[in-house]
Amino acid sequence: MSALIIIFLTLLAYITGSIPFGLLISKAKGVDIRTMGSGNIGATNVLRCLGKPLGIACFVLDALKGYLPAALFPVLGIVNPTFGMLFGAASILGHNFPVFLKFKGGKGVATSAGVLLGVAPLAVAIGLLTWVVVFYTSGYVSLGSIVAALAVVITGWTADYGPVIASALTLLGALTIYRHRTNVQRLISGTENKFQRKKKS
């Protein structure tokens with residue numbers, strides 16, 4: 001019975017992750033975020049194209065897609081909390097490859113942050129701090145995300161999370177970096193989009 005519950009919750013986590021909040025938010029504004037900016041449905045593109053309030057809302061909603069399966073589903077299924085990592089990973093796959101959008105989704109940064117918050121809060125704190133420092137010193141969201149992913153992986157192996165969660169964090173970090181491969185190319189060529197601080201008049 002528990003095996004069936006785990007399979008059901010894993011599929012439910014994937015469906016949850018597939019909900020394209022970025023697209024839904026843009027549709028509510030009468031536009032399609034896939035035709036704007038980078039064409040990505042994630043929070044960064046929503047922030048850049050539709051403004052800070054909607055970008056923050058998208059980030060929170062995408063993060064909840066990862067946090068709820070990771071933190072709540074093990075309780076609902078009465079299974080070991082370690083399975084939260086499995087459910088969270090399924091949600092990230094749903095965000096990156098959503099069944100509702102022909103498997104073309106976002107890069108999973110916000111959803112991964114939600115998963116980490118559910119299973120490895122220290123890694124989240126270090127990853128978030130790393131992202132803030134890198135972003136505010138470089139102006140590149142993508143670079144901040146990549147370096148933050150590396151910081152999370154290092155924390156996973158140096159903190160007392162155990163080999164299962166540490167290995168899962170490594171896979172998630174690798175997936176995040178892989179999903180940013182085009183950003184890496186643009187960073188190397190100097191064509192990556194950079195946030196510019198508005199000058200005070």
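Close-up 1. S145 lies in helix α9, which spans residues 141-158; helices are DSSP runs of H or I with at least four residues, strands are runs of E with at least two, and both are numbered from the N terminus. Once neighbours within four places in sequence are left aside, the residues in contact with S145 are V109, W131, T176 and H180, contact being defined as heavy atoms within 4.5 Å.

**Close-up 2. Valine 134 in helix α8.** V134 belongs to helix α8, residues 121-138, and counts as buried because its relative accessibility is 14%. When residues up to four places away in sequence are not counted, V134 touches G139, L143, G144 and V147. For V147, which is 13 residues from V134 along the chain, the separation of the two C-alpha atoms is 7.6 Å.

**Close-up 3. The buried face of helix α2.** Within helix α2, residues 21-28, the buried residues are G22, L23, I25 and S26. Viewed down the axis of α2, these buried residues fall within an arc of 160 degrees, so they line one face of the helix; the arc is that of the directions from the helix axis to the C-beta atoms. The cover over the buried residues of α2 includes α3 (43-50) and α4 (52-71). Just after α2, G30 adopts a positive phi of about 85 degrees.

**Close-up 4. The setting of these views in the whole chain.** The protein chain has 11 helices and 0 strands, and buried residues make up 44% of its 201 residues. The radius of gyration of the protein chain is 17 Å, which agrees with the value near 17 Å for a compact globule of 201 residues; this radius is taken over C-alpha atoms, and the globule rule is 2.2 Å times the number of residues to the power 0.38. Among contacts with a separation of 6 or more, 62% are between residues 24 or more positions apart.

**Notes to the views.** Residues are numbered from 1 along each chain as its sequence is written, and side-chain values use heavy atoms, with hydrogens and water left out. Because the model is predicted, local features need pLDDT of at least 70 and side-chain atom pairs count only at pLDDT 80 or more, whereas totals for chains, interfaces and linings use all residues.

Note on methods: Buried means under 20% relative accessible area, exposed over 50%, partly exposed in between (1.4 Å probe, protein chains only).
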